[in-house]
Amino acid sequence: MSFWLPHATTQAAEVDYLIFAVVAGSCAILGLVYGSIILYAIRYRAGSKVARYGASEKSWGIEVAWTSVTLLVFFGLFIWGADLYVRLFQPPPDALKVYVVAKQWMWKIEHHGGQREINALHVPVGQPIQLLMTSEDVIHDFSVPAFRIKHDVLPGRYETLWFQVETAGVYRLFCTQFCGADHAQMTGEVVAMAPPEYEQWLEQNGTSGSMAKQGGILFMRYGCSGCHGGNGIGGAQATSAVQAPPLTGLYGGPVPLEDGSIVTADESYIRDCILLPEKRRVAGYPPIMPSFAGQVSEEDVLKLVAYIKSLAPEAPP
Ligand SMILES: [Cu+2]
């Protein structure tokens, strides 16, 4: 076991450099302040024979110099940190999406192609991976120390995290939010593999169709198609006479809401439509869509979201 964690991702080393710079800068200032206190305490102790007069004049040069130098140093650290933070938490648009559902006390992972795993996450190296994470119960926290990333996983909403692994290997995954009696058991591993091996792994674990395909089946089973039409093409094609908005091409586009605002239809929006339809109503439609909260599990919601995403006209399933 080595003391230093490996730098497994593109930005892991920079996170370490920043922490080192903050610690080194703080130590230098700590040394300066406490060094002076100790030095003067000894020099001017009771009974020492040093001169105690003169030098009482204020030196503006020194005053201005130390104030501006410390300001510049700490402001520099702030800008560096803010810039790194933005890069760490802004996933590139071409990232490969992987879905994570946390629950007491395990990590359930689902891949785009429908491959599922528990307490393990297989990813290819050299490619940005974006995690879309939610919790079925309490707050958890997805943390991979070798990647220098962690993020809370909250019930009732989607959180996201991204990374790009540079070195193939097996890295430990932890839950770093105390989440109940077996919190300490809520660990797993991230297996980073060369892309060809990853493809092979996907093939070997290929199951009952992609997430979108499974979502399509659920779309029928939960009765969504009754209002939205068999393939999400809207009320006109629906089996009943109900007016419901078409879902084709919904993902990524703007949606005008009844309250006059316009939102972008991302994963969180679609999730809210299914679980909290009363929270946002699409303009021009009757508010008849029922809430599916408590009926559809988080994993099934992810599949429905994947299905609706696949209905984009430019990328048919
Ligand atoms: Cu946990």
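Helices and strands here are DSSP runs, numbered from the N terminus, with helices having at least four residues and strands at least two. With those labels in hand, keep in mind that you are looking at a predicted model. The chain is divided into domain 1 (1–41 + 58–90), domain 2 (96–204) and domain 3 (211–309).

**Domains**

- Between domain 1 and domain 2, the C-alpha centres lie 32 Å apart.
- Domain 1 gives 9 residues to the contact between these two, and domain 2 gives 12 residues.
- On the side of domain 1 that touches domain 2, there are 6 nonpolar and 3 polar residues, with no charged residues.

- β1 (residues 96–103) and β2 run antiparallel and are joined by 6 bridges; here Val101 stands opposite Lys108 in β2.
- β2 and β3 also pair in the antiparallel sense, over 3 bridges, and Ile109 stands opposite Glu117 in β3.
- β5 (residues 129–135) and β8 run antiparallel with 5 bridges joining them, and Leu131 faces Leu161 in β8 as its opposite residue.

**Turns and loops to look at**

- β1 and β2 form a hairpin with 2 residues between them.
- Trp105 sits in the loop between β1 and β2, and the peptide bond leading from Gln104 to Trp105 is cis, with omega near -5°.
- The hairpin of β2 and β3 has 4 residues between the strands, and Gly114 in its turn has a positive phi of about 95°.
- Asn119, in the loop between β3 and β4 (120–124), is a residue other than glycine with a positive phi, near 55°.
- Is Asn119 buried or exposed, or something in between? Asn119 counts as partly exposed because it has 15 C-beta neighbours inside 10 Å.
- Arg148, in the loop between β6 (140–144) and β7 (149–153), is a residue other than glycine whose phi is positive, near 60°.
- Arg148 has 21 C-beta neighbours inside 10 Å and therefore counts as buried.

**Helix α4 and its surroundings**

- Two packed helices are described by the angle between their axes and the distance between those axes.
- Helix α4 (residues 211–221) packs against helix α7 (residues 298–309) at an angle of about 100°, and their axes are 7 Å apart.
- The two helices, α4 and α7, are therefore roughly perpendicular to each other.
- Residues of α4 in this contact include Met211, Leu218 and Phe219, and those of α7 include Asp300, Leu304 and Tyr307.
- By class, the residues of the contact of α4 with α7 are 8 nonpolar, 3 polar and 2 charged.
- Which residues of α4 are buried? They are Met211, Ala212, Gln214, Gly215, Gly216 and Phe219.
- Among the elements covering these buried residues of α4 are β2 (106–111), α5 (224–228) and α7.
- Just after α4 comes Gly223, with a positive phi of about 80°.

Conventions. Residues numbered from 1 in each chain as written. Predicted model: local features only at pLDDT ≥ 70, side-chain atom pairs only at ≥ 80, totals over all residues. Axes fitted to C-alpha atoms, helices over the stretch in contact; angles between N-to-C directions. Parallel < 35°, antiparallel > 145°, perpendicular 65-115°, else oblique. Contact = placed C-beta atoms within 7 Å. Nonpolar A, V, L, I, M, F, W, Y, C, P; charged D, E, K, R; others polar. Pairing = 2+ DSSP bridges. Domains from an automatic or database assignment. Buried ≥ 20, exposed ≤ 12 C-beta atoms within 10 Å, placed from the backbone.
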